[in-house]
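Dear colleague,

Please find the structure below. My notes on it follow.

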Amino acid sequence: MGLYLRPTEIEEAVAALAAGKLTILAGGTDFYPARVGKPLSEDILDVTALAALRGISEDERSFRIGAAVRWSELTAADLPQWFACLTLAAREIGGRQIQNAGTLAGNICNASPAADGVPGLLALDAAVEIASAKGTRLLPLGECILGNRCTALAADELVTAIVIPKPRGAARSTFLKLGARKYLVISIVMVAALLETTSDGTIAAARIAVGACSAVARRLAALEHDLLGRKLVSGIGDIVTAPHLAPLAPIDDVRAGAAYRSDAGLALVARGLEQLAVP
Ligand SMILES: Cc1cc2nc3c(=O)[nH]c(=O)nc-3n(C[C@H](O)[C@H](O)[C@H](O)COP(=O)(O)OP(=O)(O)OC[C@H]3O[C@@H](n4cnc5c(N)ncnc54)[C@H](O)[C@@H]3O)c2cc1C
């Protein structure tokens, strides 16, 4: 076993990251399963005692979710309905024990194509707050996860929070996950959708993201464009066609074939939009 640091102050944490190579540990629910049967020889920076990474706060423009906020804290929080694309995902992540330990930032930084939190965070237009000894930067989530198990974080950086802008008008969101069974399952496809509407029910903004169908969850720009200006009414799901899913690149694996993933993705996107049309 190497060094184990568990600082309480962010300055201490970023100084330690600047001083030498450390592996960041949060809830450990991805960290430990990846090391089963291997000796723990890395130097560890445990971020769970950092006060700056805890809690959910808001100001006029945005919500700030601390990087060490756990899935169960998120579901217990009093958040507006338009957060459903994330809170519904939180309820489907692992079981209670995993939700009590696993964090949002860990889900992002592990960068699994099947990370259930990522489509919802894309639909929420989230940005990732990143700190190092050199300062703090804010990166759109889409620029933070670069590929399967690959992020834009430098070795001396840690995620401190996820920042979510408030919608300008009325907004609703949803999340649908398909797995080989209902609970405790790795996603075959998941869909997050957020729609903002004007007072007469016209769609003014749309963000639709699909996970587990490409190396990184992807937004469907053409579909988002085609939704603008339409009324959010029953039947809205009918506008979704296969070309709208062109940004995806599903693969065959042990969980599902690529063709099945494409079909299921199409059905789930349409179903998600229909859900949002229900008054
Ligand atoms: C039984 C089981 C079921 C699961 N079910 C699901 C599921 O249904 N859906 C799903 O999406 N996931 C699932 N997971 C995976 C996991 O629980 C989640 O991805 C969780 O959110 C990871 O968070 P963590 O805090 O445990 O991360 P950790 O394991 O502590 O860390 C994960 C990675 O992120 C890095 N990291 C963590 N925090 C930071 C930070 N602040 N800054 C920089 N890097 C950081 C670590 O270095 C590591 O590389 C499951 C895991 C298990 C064991």
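Strands β13 and β14 run antiparallel and are joined by 2 bridges. Please keep in mind throughout that this is a predicted model. One of the pairs in question is Ala-209 with Arg-219, the latter being its bridge partner in β14. The two strands form a hairpin with 6 residues between them, and Ala-212 there has a positive phi near 65°.

On its other pairing, β13 (residues 203–211) meets β12 (residues 189–197) in the antiparallel sense, over 8 bridges. Ala-193 has Ile-208 in β13 as its bridge partner, and Glu-196 stands opposite Ala-205 of β13. As for cover, 8 of the 9 residues of β13 are buried.

The sheet as a whole is open and has 4 strands in the order β11-β12-β13-β14, paired antiparallel. Its edges are β11 (170–178) and β14 (218–219), each of which pairs on one side only. Two helices pack on this sheet. Helix α3 (residues 84–91) touches β11 and β12, and its direction makes about 30° with that of β11. Helix α9 (residues 258–277) touches β11, β12 and β13, with its direction at about 150° to that of β11.

Next, the ligand. There are 30 residues around it, of which Ile-24, Thr-29, Asp-30, Phe-31 and Thr-103 come nearest. Asp-30 has a side-chain N or O atom 2.6 Å from an oxygen atom of the ligand. Backbone atoms take part as well: a polar one of Ala-26 is 2.8 Å from a ligand oxygen, and a backbone N or O atom of Phe-31 lies 2.7 Å from an oxygen atom of the ligand. On its own the ligand has 990 Å² of accessible area, and the protein covers 83% of that.

One further residue deserves a note. Asp-156 sits in the loop between β9 (150–151) and β10 (158–165). Is Asp-156 buried or exposed? Its relative accessibility is 16%, and the cut-off for buried is under 20%, so Asp-156 counts as buried. The side chain of Asp-156 makes a polar contact of 3.1 Å with that of Lys-134. Leaving aside neighbours within four places in sequence, the residues in contact with Asp-156 are Leu-17, Ala-18, Ala-131, Ser-132 and Lys-134.

Regards

Terms used. Residues are numbered from 1 along each chain as its sequence is written. This is a predicted model: local features need pLDDT of at least 70, side-chain atom pairs count only at pLDDT 80 or more; totals for chains, interfaces and linings use all residues. Side-chain values use heavy atoms; hydrogens and water are left out. Buried means under 20% relative accessible area, exposed over 50%, partly exposed in between (1.4 Å probe, protein chains only). A polar contact is a pair of N or O atoms within 3.5 Å; within protein, one must be able to donate a hydrogen and the other to accept it, and residues adjacent in sequence count only if both atoms are side-chain atoms. Contact means heavy atoms within 4.5 Å. Two strands pair if DSSP finds at least two bridges between them. Axes are lines fitted to C-alpha atoms, for helices over the stretch in contact, and angles run from 0 to 180 degrees between N-to-C directions. A residue is near a molecule or strand if one of its heavy atoms lies within 4 Å of it. Accessible areas come from the Shrake-Rupley method with a 1.4 Å probe; for residues, only the protein chains shown count as cover.
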